[in-house]
Amino acid sequence: MALMLAAMSWMAPAHAEDGYELWLRYHPLAAEQIQRDRSHASQLIADAATPTRAAARAELLRGLHGLLGAAPPVSDSVTRDGAIIAGTPASSPLVAQLHVDTSGLGKDGYVIRSVTLHGHAVTAIVGHDDIGVLYGSFHFLRLLQTGQSIDHLDITEVPRIKLRVLDHWDNLNGSVERGYAGASIWDWWKLPDWTSPRYTDYARANASIGINGVVLNNVNADALILTPVYLKKVAALADVFRPYGIRVYLSVRFSAPIEIGGLKTADPLDPAVKKWWREKTDEIYKLVPDFGGFLVKANSEGQPGPQDYQRTHADGANLFADVLAPHGGVVMWRAFVYSQNSADDRAKQAYGEFKPLDGRFRANVLLQVKNGPIDFQPREPFSPLFGAMPKTPLMMEFQITKEYLGFATHLVYLGPLYEEVLSSDTMAKGQGSTVAKVIDGTLDGHALSGIAGVANIGTDRDWCGSDFNQANWYVFGRLAWDPTLSTRAIAEEWVRMTFSNDAAFVKPVVDMMMGSREAAVDYMTPLGLAHLMGPGHHYGPAPWDKSLARADWQPPYYHRADHQGIGFDRTRSGSDAADQYAPPIASRFNDVTQTPDTLLLWFHHLPWDYRMRSGNTLWYELVAHYTHGVDDVRQMRETWSHLDGYIDADRYRKAATFLAIQEREAQWWRDACIAYFQQISGLPLPPGFAPPPHPLSYYESLSFHYVPGQSSW
């Protein structure tokens, strides 16, 4: 009876097209595809003996019913062609008869194969463990959703990265730091008694792209998360996520032993501190037996840490590693550190702090490194730590939420940014030593590997603040599974699953997405510029701003524009940040003629009349890039204007509105930055370019008091 009621719930009418379904939008396929594929879904043989296998069976029934118009009957034996068999050799006698070698699949891998069993053609979805069956079920449904043939399947998938984690910068008061999709989805007030159905849908979405870990709270952690009342709430979320293969992690505040433990110190070498953390960790594992571990931000931006006690980052990380190790937990120790007391280039400080500590961390410590040396800018070179610490597993940290890329309303597909970083060659062990090989552990032989993405999820019905922002969550998960995948192919998958399989819609939209990140770089920070945004809230341009207390929070620190030129000299004649890279890379970045234009002003301070590869002056190219970025957004709007009718009116209209906002704000970025740099340089605008419509004083006068994404309300 319970199964019948569950099946009826799958057949309930879908929500209106408001983006809630994400890419798990199981709407009917085209009639010809339904006719073609129904013969491959004549019956389903999948047990529900464990919560994970039950989730896999439920997803297959839900997806097949939605896509093909009818869910297949659930059976115990193969009676006809077209059966789908899902399970493990240990759980299913029928799967065992297939003699599929699952020894190399690990916990998460799976095989999808067209086979013959008892004289019938069937499709087998096989995992070594239950979670592999669930992942394989989502993959099979993705094939259907994207219109691919399910004849003659022979697919084997094993993730290349072990820990694939979303970091939520969610606060206990319900706000989300750098979140642009509403409040936190964790309703701490109602937990643990009420677990919203949204939590299950969140888990489904993550499992569908292979994400297997969630850090529930902000890296600027509140020690209260470790108190008994909150740990019970954490346990309730863990119970929801567990069937979907997702382990929970917590950001912890280094000074928690003082703030909630009554100790007078948080010194990581103090025996009382060690005892407190050991007992607290044991308490957590009693409530959450599969707890993943801790994420720690320490001695960064005012957060407490081991250096407060003249200890190293390794001392701090190893404290947590030792108390977690008996339970199989890990420490993700963030390398995002920079000191207000250091006069050194901020881009050098993480390397300077951590490179000397290579090999001094426990085996269950991952050093979590942002993709670039500053802070999630529209474009940065890859962090020099990648490839520089062969004795320490390094975990990539990407930002999915668009703190520096137009918040929720700008269409900026981050796949090209991620791909650019992951494919960058560190040259640490010769050519081919890519960042991807560093973080998946293959370059240096590490068994522990990880990747984290700062989530863009909130309480908005569309989850991410706009439909197109969902693509960034999706592409992060797909690259976390395999960082060598093509982000164009991933974009096409997402468009087909989220909107339509119509080629007349898919191609122009994928083209828009693939060009959108470069457009944003052009209208915000072209030619290697960075950190030109408004203070604090990071909304809009403010290259002139010097209002914040620290120099390295001020845009002029980064662009160094004066009457003679612009750019940050990070060569040997400047801060020498270039020499933190392997010699072949350092040689290229130290030489202005070899540095790519995309990073030119990141590494070099150049005169305004410097002659570029194009033959134009630097000033001309700067203005041209700013203008080109606006033109690209205008073209995106034009493309979208011809796609009305291909998708539902509500989502079409919202995207059209957001593109209009993006064009207006791209123009603002262009005009404000050109007005400022023109005043600094004293140069006339190059011929053929429209001047800013307002004087610089107008742009400087703009202020914004209630910008979303602030850490407190």
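These legends describe close-up views of the sheets and helices in a predicted model. Residues are numbered from 1 along each chain as its sequence is written, and side-chain values use heavy atoms, without hydrogens or water. Local features need pLDDT of at least 70 and side-chain atom pairs pLDDT 80 or more, while totals for chains, interfaces and linings use all residues.

**View 1. An open sheet has five strands in the order β1-β2-β4-β3-β5.** Its pairing is mixed. Strands are DSSP runs of E with at least two residues, and helices are runs of H or I with at least four, numbered from the N terminus. Two strands pair if DSSP finds at least two bridges between them. β1 (43–45) and β5 (154–157) stand at the edges with a single partner strand each, so one side of each has no neighbour in the sheet. From one strand to the next, the twist averages 25 degrees. Axes are lines fitted to C-alpha atoms, for helices over the stretch in contact; angles between N-to-C directions run from 0 to 180 degrees.

**View 2. Strand β3 (residues 110–117) runs antiparallel to β5.** Four bridges join the two strands. Ile112 has Ile155 in β5 as its bridge partner. Helix α5 (residues 130–145) packs on the sheet. This helix touches β2 (83–87), β3, β4 (120–127) and β5, where contact means heavy atoms within 4.5 Å. The direction of α5 makes about 75 degrees with that of β3.

**View 3. Helices α6 (residues 197–208) and α7 (residues 228–241) pack at about 50 degrees.** Their axes are 9 Å apart. The two helices are therefore oblique to each other: angles under 35 degrees count as roughly parallel, over 145 as roughly antiparallel, 65 to 115 as roughly perpendicular, and the rest as oblique. The crossing is right-handed, meaning that the near helix is turned clockwise from the far one by less than a right angle. Tyr199, Thr200, Tyr202 and Ala203 of α6 meet Leu237, Val240 and Phe241 of α7. Six of these contact residues are nonpolar, one is polar and none is charged. Ala, Val, Leu, Ile, Met, Phe, Trp, Tyr, Cys and Pro count as nonpolar, Asp, Glu, Lys and Arg as charged, and the others, Gly among them, as polar.

**View 4. Eight strands close into a barrel in the order β6-β7-β8-β9-β10-β11-β12-β13.** The pairing is parallel. Neighbouring strands are turned by 25 degrees against each other on average, direction ignored. β9 (residues 293–296) and β10 (residues 330–334) pair over four bridges. Phe294 is bridged to Val331 in β10.

**View 5. Helix α14 (residues 470–481) lies across β6 (163–167), β12 (394–399) and β13 (450–454).** The helix runs at about 155 degrees to β6.
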